Amino acid sequence: MRFIDQDLHDAGERVVVPKHYAEMASWRVAAELVRRHPDQLVVIETHPGGGLYDCLSIYLRQTDEAGNPWIRPLIDLNRGPRGHITTRAGTGGDRLNWIDVLFAVDLRRDVIRRVEDECEIESPTTTPETTKSSIGIRLIDEMLSFRVASRSPLTALNGVFDGSGGAAHRQGLFAKFPSIPVADYRGEVSRLDDTPAYRYWFVCSQENGKEPSPTIAVDTWNGRLWTKSESDVDLLSVYRDHGSQITALATSLLM
């Protein structure tokens, strides 16, 4: 399978994209997919391969033959050196890389629809309205994109560090927002749909050699926001207060 620009793709197989640009690109892909398929996709952070990979992983909500809900792994967006977009459908050496994403002239045409085709999920004819399960992912994407070229780019960390050797709550991040219910991040980490901490993401600043400092916390399943001064805010309501402009909302939180 050829790419929209084969020369750029070939360069992306050789070039190591800086981590914060690869992270920003992974969120741009995730946000567009979640925006197009609200209430169907779940985004978490995984570190398979003994921690060799740093992935933004996307799961699909489904029901089994008995009608019971379950969540199926769908896509891994690996931000590691020379990372790729890997769908569970398996495309061998034809995987998109971060140069393909960063230099896409039309992200939907060049990247998103291709990923949808590989995952066998139907592309929507029009973009759905933003929902409580898509607003948080869109906000994180916009905040990371806004600061990616600055001297202090942001990072986003999930409420669970999920590695091949096990998973654990990032309790230090939760502790920065005392109004988040303790029940959401204590106890054992179990299945994705049974562990509320997976729903939380923290947008953090991180100076060299220092621990990440969270700016906001977001419950991305339920569209709830925590800042250092406000607790459990309805994100959709705040989004509408900013004229349903995601850039305006992100900018207000970064000021």
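**View 1. The hairpin of strands E7 and E8.** In this predicted model, strand E7 and strand E8 form a hairpin in which 2 residues lie between them. The two strands, E7 at residues 160-163 and E8 at residues 166-169, pair in the antiparallel sense over 4 bridges. Strands of a sheet pair through backbone hydrogen bonds, either parallel or antiparallel.

**View 2**

View 3. Another open sheet has 5 strands in the order E6-E9-E10-E11-E12, and its pairing is antiparallel. Its edge strands are strand E6 (154-158) and strand E12 (233-234), and each of them pairs on one side only. E6 and strand E9, which holds residues 200-205, are paired in the antiparallel sense over 5 bridges, and alanine 156 has valine 203 in E9 as its bridge partner. Helix H5 (residues 135-147) lies across E6, E9 and strand E10 (213-219), and runs at about 150° to E6.

**View 4. An aromatic pair between helix H6 and strand E9.** The count of aromatic pairs in the model comes to 6. One of them, formed by phenylalanine 174 and phenylalanine 202, is edge-to-face, with 5.0 Å from centre to centre and 85° between the planes. Phenylalanine 174 lies in helix H6 (residues 171-174) and phenylalanine 202 lies in strand E9, so the pair ties together parts that are 28 residues apart in sequence. A pair of aromatic rings is described by the distance of the centres and the angle of the planes.

**View 5. The largest pocket.** About 250 Å³ of space lies in the largest pocket. The pocket is lined by 15 residues, and those closest to its centre are Lys19, Glu23, Leu154, Thr155 and Gln206. Helix H2 (19-36), strand E1 (41-47) and E6 each supply at least two residues of this lining. Which element gives the most to the lining of the largest pocket? E6 does, with 4 residues. When the lining of the largest pocket is divided by class, there are 5 nonpolar, 4 polar and 6 charged residues.

**View 6. The second largest pocket.** The second largest pocket holds about 150 Å³ of space. Of the 13 residues that line the second largest pocket, Ile4, Asp5, Asp100, Ala104 and Asp110 lie nearest its centre. Helix H3 (98-102) and helix H4 (107-119) are the elements that give two or more residues to this lining. By class, the lining of the second largest pocket has 8 nonpolar and 5 charged residues, but no polar ones.

**View 7. The largest cavity.** The model has 2 cavities of 30 Å³ or more, and the largest cavity has a volume of about 50 Å³. Its lining is made by Gly12, Val15, Val17, Gly80, Pro81, Arg82, Gly83, Asn97, Trp98 and Ile99. Divided by class, the residues lining the largest cavity are 5 nonpolar, 4 polar and 1 charged. Rolling a probe the size of a water molecule over the atoms shows where empty space is left.

**View 8. The second largest cavity, with strand E1 in its lining.** The second largest cavity has a volume of about 40 Å³. The residues that line the second largest cavity are Val34, Leu41, Val42, Val43, Ser133, Ile137, Thr220 and Trp221. Strand E1 gives the most to this lining, with 3 residues. By class, the lining of the second largest cavity has 6 nonpolar and 2 polar residues, and no charged residues are found in it.

Technical notes. Residues numbered from 1 in each chain as written. Predicted model: local features only at pLDDT ≥ 70, side-chain atom pairs only at ≥ 80, totals over all residues. Heavy atoms only, no water. Pairing = 2+ DSSP bridges. Contact = heavy atoms within 4.5 Å. Axes fitted to C-alpha atoms, helices over the stretch in contact; angles between N-to-C directions. 1 Å grid on protein atoms, 1.4 Å probe; cavity = no way out; pocket = protein on both sides within 12 Å on 5 of 7 lines; lining within 4 Å. Points joined across faces, edges and corners; volume = space filled by probe spheres on them. Nonpolar A, V, L, I, M, F, W, Y, C, P; charged D, E, K, R; others polar. Phe/Tyr/Trp six-rings, centres within 6.5 Å; stacked < 30°, edge-to-face > 60°.
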